[in-house]
Protein chains: 2
Amino acid sequence: MELSGRKKQILKAVVEHYIESAEPVGSKLLAQELGVSSATVRNEFAELCELGYLEQPHTSAGRVPSPQGYRLYVNELMERRSVSAEEAEGIDETLREKLMGGAISNAGQLVSSLVHYPAYSVTAGNAGLTVERFELLSVDAESFITVVMTDDKNVKSQLQHTALAFDAERLGDLKNLLNTHFTRKTRAEMSENLMNVGDQLPPELFLVLSKTVEYAAGILDAAGRRDVVTTGASEILKMPEYRDADRAHELMTFLVDNKEQLPVPEGDGPVQILIGPENVDHALRDTSVVVASYDIGDGMRGLVGVVGPTRMDYATVTARLSYFAESLTKMFGKGLPSPEDQQT
Amino acid sequence: MELSGRKKQILKAVVEHYIESAEPVGSKLLAQELGVSSATVRNEFAELCELGYLEQPHTSAGRVPSPQGYRLYVNELMERRSVSAEEAEGIDETLREKLMGGAISNAGQLVSSLVHYPAYSVTAGNAGLTVERFELLSVDAESFITVVMTDDKNVKSQLQHTALAFDAERLGDLKNLLNTHFTRKTRAEMSENLMNVGDQLPPELFLVLSKTVEYAAGILDAAGRRDVVTTGASEILKMPEYRDADRAHELMTFLVDNKEQLPVPEGDGPVQILIGPENVDHALRDTSVVVASYDIGDGMRGLVGVVGPTRMDYATVTARLSYFAESLTKMFGKGLPSPEDQQT
DNA sequence: GTTTAGCACTCGGAAGAAAAGAGTGCTAAA
DNA sequence: TTTAGCACTCTTTTCTTCCGAGTGCTAAAC
């Protein structure tokens, strides 16, 4: 059933007042605003309550939006404003400043400082990654540098010590071995090949080989892992709903210890909003989450989210977050921190 | 003036009770414990107050240790117990489990989980670091891999794109240029040399060279920076002294935003304890900090610290922290996560 | 001279009562 | 359909009272 225009207007006003004040909204305030009597507003209140859009903390308090109310607000009532010119400038500024070098890990940090809520960022793991190329560089008799390039063009390297002396020839052999049997292979295949090749190799050499392969496998594992970073958890201590130390502690430890369980919705829109009980996780039952995803390039996607009370400033958060995500996408596409600057 | 034996005994008891209960300690409780009358204890209390070792929250409450009282306790009265066999086993376990791969950044995390206080770890920056060697590996016409080994034997690498085509010869030239003019040089010297060399170079080549040198300089900068990581800040929400959201928020944001100002004392002992006002930083005025340093090898030192209320369980924290630091030192000296496993 | 019993005194915190206030629901009139 | 009016509900605040834990001091006891 479609709500009347005035009901929508009232719901919108309740949500916005409550977002601002964190106090239940009474009929008198709205009466003034709408130019009708408080009794009229009360009648509407009563109906909105019956329909499930509003709630009453107790009999004689004002009204508070229910999750369903927030949902309607977000879907229909909220003005989907975009960021102001100054906001945009500010965001661009911080982005340029802090994100050079392609360190995506602190995207959450930027977002958190932008919206004053806890934020998190997820860098999608690249599970199918393989090694494209091995290089070995001689250092001295007992050590060499291993360089591993993965097929997403990331390069990592380490110094490796060996028990036995490695001359140039031997190093070349090892390198050939690595490049023929361990490039373009999945994790499982690498382990398998290690076993196969191992049989025909002198044990000392095998030891070095396996150490190198393990190093490479570790890189693939690390790249395959979904990485979640949370920041700004302490922001919640400023909010009235978390003045209670126990509640604050609960959410806080969740954000730190269970961050892997933060929602990573399959994105169909640019920004997604999960309100209160829409979150599957029990600990997020009365918080809302706003997430946006951005393009890293190579078809990969990153994700940043904001966590806050259901009484969250959805309009501002949504605007800033989506602008942020767009900017990130642009930057990865062509902008300053281009792929050639990516460090390892 | 030296305190009488009984005064010390009483001070010790007050400190330990207060550490456990966070409640002011009354004379009756101690009377029972010491087998004297409460009046006697009260007399001693009064004198300890005058001497500045105890404080009274208000006229008719029990006594609470003053910072000076804690100091005496820590210096003389506390039983400097070492960790129990099970504790040691537990610590070794977590160390082995979590620290393979030489990721020191989360030493604080381990400590925090060990003592249930917020913790931080500082990895000393190596300011005098220089590049020992450059390597360039051809990938395709327009890109190559830059490998940089610093004189502490750390290796880092990145893929670098160029505007102009680079054949093997040209790459060799560039490499020679790098290795002759930019190894074993300080940051300043590198910049200077870049200017000097630049004059005699075609501009396209110079662009590539400077990009590479900048990359190396960035590595040196990063290594030179003192890196502070804090963990477990949310632990404070469990403590009665931080049930007040404002106080909790203050300390919390300090631990997150001002972590660079956490104390890094010049170590003369294995474990150092800073009590309340002994901390220079205003925000730490009523917290205590316990820090231990450990050996990374190569004469480098790392540092881990624990932050908590002055009512901190000094005995346990000190024991665990020093055991932890010792274990770390041992591990870096000869243990599992040996230098050859250090990743970049 | 130290220790202890005794006692009056001081606070802080808990418990209760009362008052204030905000907001409601309902009825009846406009 | 809107609104004025009014009784009612329930929270919050404030004030008071009361209790008890703990003190400081004095005078007696060891």
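Mentor: What follows is a look at the interface, and then at a helix and a loop in one of the chains. This is a predicted model, in which local features need pLDDT of at least 70 and side-chain atom pairs count only at pLDDT 80 or more, while totals for chains, interfaces and linings use all residues. Residues are numbered from 1 along each chain as its sequence is written, chains are lettered from A and ligands numbered from 1 in the order in which they are written, and side-chain values use heavy atoms, with hydrogens and water left out.

Taking contact to mean heavy atoms within 4.5 Å, 33 residues of chain A touch 33 residues of chain B. The area buried between these chains is about 3100 Å², with carbon and sulfur atoms giving 59% of it; buried area here is the accessible area (1.4 Å probe) that two parts lose on being put together, summed over both. Two salt bridges are counted between chain A and chain B, the term requiring a side-chain nitrogen of Lys or Arg within 4 Å of a carboxyl oxygen of Asp or Glu. A salt bridge joins the side chains of A:R243 and B:D246, at 3.4 Å from N to O. On the side of chain A that touches chain B, the elements giving two or more residues are β4 (131–140), β5 (143–150), β6 (155–161), α9 (203–224) and α10 (245–257) of chain A, where helices (H or I, at least four residues) and strands (E, at least two) are DSSP runs numbered from the N terminus. By class, that side has 12 nonpolar, 10 polar and 11 charged residues, with Ala, Val, Leu, Ile, Met, Phe, Trp, Tyr, Cys and Pro counted as nonpolar, Asp, Glu, Lys and Arg as charged, and the others, Gly among them, as polar.

Turning to chain B, helix α9 (residues 203–224) has 22 residues that should span 32 Å at 1.5 Å a residue, and its end C-alpha atoms are 30 Å apart, which agrees; the expected span is 1.5 Å times one less than the number of residues. Its buried residues (under 20% relative accessible area, with exposed over 50% and partly exposed in between; 1.4 Å probe, protein chains only) include B:L205, B:V208 and B:Y215. Among the elements covering the buried residues of α9(B) are β5 (143–150) and β6 (155–161) of chain B.

The loop between β5 and β6 of chain B holds B:K153, which has a positive phi of about 70 degrees although it is not a glycine. Most residues other than glycine have a negative phi. B:K153 is partly exposed, with a relative accessible area of 39%.
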